[in-house]
Amino acid sequence: MKVSIENKKGLEKDLKVFIDKKTINSYMEEKYEELKKTVVLKGFRPGKVPREVLKRQFSKAIFGEVLDKVLKETSAKALKENKIKPAGQPKIDLKTYGENKDLEYIISVTELPKVEIKSIEQIKYDEYHVKINPSETEKRIKEIAKSQNNFKEVDMGIKSLEGNLVIFDYKATIEGKEFKGGEGKNTQLVLGKDLFIKGFDKQLIGVKKNEDKIVDVVLPENYQQKEFAKKKARFNCKIITVKKSEEVKINDEFAKNLGAKDLNDLKILISKQINDEYKNSLDALGKNQILKELEKFKVDEIPQNMIEEEIKILTQGMKEDEIKKKEKEFKKTAEKRIKIGLILNEFAEQNNIKVEEHEIQAEVQKQLRMMPGQEKMVMEFYQKNPSALASLKGNVYEEKIINLIKSRAKSNKKDITKEEAEKILKEAHKHDHDHDHDHDHGHSHTKKKETKVDKKPTKTKIAKSADLKKNKKS
């Protein structure tokens, strides 16, 4: 194989590739030998079909396969040997080709620009730690306790009240006839919430254990058996038990039920969780500071084809006239996103950053934990959408790059209160809104969209012991 570089115009390059017919013929021979072992033709024993017969029948198909293989292998080798990293898919223009002929073709490629990685150690960013006031922890624990169901059975003969839990069996009829879906066992209703059929639980106020009660209601418009929607139904209910809610005592037992060792341990875990709720949003601020510093690094030239691709991503779903109005703005944003992406990728290559399969799976598991009860749906989504999995891989990749930069950069550690954290995030959110395009640091080249600062952190109550155990490990 002979390769020569022609027509250098900035990042645009043409590579002329020449492969002699002897090499092409050796590929053809190899393919004929493979075919000979497997092909079945009438009148010939397996493996004994003459070469001339194979050529007459299959030469065009075989040459097509060989040409495709040779082009893939030699074009990749030509680029690698000449240390050219393509920005996008190279174009191949065949000049001479054919059976028993030399192969000559041109690779037209746009090269990725040279990226200057200055001293990462000089980058500065803020690293926040939120000091949680004990009263905040107490308040959160009380909220959790309040959300816990703690129903105790009332004495026989005590009538149900609003807020009580009534457990009952029922058989329902429409115009005296039983219907599909009109029977239930151990149905539980908290009276006053009206979550079953509108007006149903009001009629259960005043019932007692072991009592029979008739409830008349109109079935809802969205009733699953459509033919019975909006029909009057009579429910014959057998009250199994009545329970009243009792306040949950906040003690060691309560803490153990949530996966903590004792109440003091629960307070430590809750305090950590509140801090973690702010951590992601505050970490995003530090990340934005780093990305802003990276913008100062030098990139020789941004390839035009990459700018065009990025603008397509930015303007997806927009009308032509809307795009034209903000053409310059979109171009500026695209250039900034590509520049940051190129810098991050260059840093990753220099430091041999890769994403392992177990890291992607760990991220999938993290997603599953965030959506309890919908694990199967989330898993199926990733199995059926390779692009979503690729995006997840991109997120992990970029996070690894940023974390390595953070470890080498200068962090300005700040201990702040919860109120100060909220003020900082509110200001950042306002600033983010005012400069939406200027601070759009997403870059498709690390397959991660922009880092947006949340106005308020995600607030999740610890209602499951699994959450606490997870926090404890981290």
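Predicted model: local features only at pLDDT ≥ 70, side-chain atom pairs only at ≥ 80, totals over all residues.
## Helices H1 and H2

Helix H1 spans residues 21–38, and helix H2 spans residues 51–81. Their axes come within 8 Å. They cross at roughly 125°. That angle makes H1 oblique to H2. The crossing of H1 past H2 is right-handed.

From H1, the contact takes in Ile24, Tyr27, Met28, Glu29, Glu30, Lys31, Tyr32, Glu33, Leu35 and Lys36. From H2 come Arg51, Leu54, Lys55, Phe58, Ser59, Ile62, Phe63, Glu65, Val66, Lys69, Val70 and Glu73. Sorted by class, the contact of H1 with H2 has 11 nonpolar, 1 polar and 10 charged residues.

## Helices H5 and H8

Helix H5 covers 263–294. Helix H8 covers residues 327–350. The axes of H5 and H8 come within 10 Å and cross at roughly 95°. H5 is therefore roughly perpendicular to H8.

On the H5 side, the contact is made by Leu291, Lys292 and Leu294. On the H8 side, Lys336, Ile340, Ile343 and Leu344 take part. The contact of H5 with H8 has 5 nonpolar and 2 charged residues, with no polar ones.

## Helices H9 and H11

Helix H9 runs over residues 357–370, and helix H11 over residues 386–408. Their axes come within 10 Å. The crossing angle is roughly 105°. So H9 is roughly perpendicular to H11.

In H9, the residues that meet H11 are Glu359, Ile360, Glu363, Val364 and Gln367. Their partners in H11 are Leu389, Leu392, Lys393, Val396 and Lys400. By class, this contact has 5 nonpolar, 1 polar and 4 charged residues.

## Phe151 in strand E6

Phe151 belongs to strand E6, residues 151–153. Lys244 is 93 residues away from Phe151 along the chain. Yet the C-alpha atoms of Phe151 and Lys244 are separated by 5.2 Å.

## The cavity

The structure holds 1 cavity of 30 Å³ or more. The largest cavity has a volume of about 30 Å³. Its lining consists of Tyr125, Asp126, Glu127, Tyr128, Leu282, Asp283 and Lys406.

Strand E5 (124–131) and helix H5 each supply at least two residues of this lining. E5 gives the most, with 4 residues. The lining of the largest cavity has 3 nonpolar and 4 charged residues, and no polar ones.

Note on methods. Residues numbered from 1 in each chain as written. Heavy atoms only, no water. Axes fitted to C-alpha atoms, helices over the stretch in contact; angles between N-to-C directions. Parallel < 35°, antiparallel > 145°, perpendicular 65-115°, else oblique. Left-handed = near helix turned anticlockwise from the far one by under 90°. Contact = heavy atoms within 4.5 Å. Nonpolar A, V, L, I, M, F, W, Y, C, P; charged D, E, K, R; others polar. 1 Å grid on protein atoms, 1.4 Å probe; cavity = no way out; pocket = protein on both sides within 12 Å on 5 of 7 lines; lining within 4 Å. Points joined across faces, edges and corners; volume = space filled by probe spheres on them.
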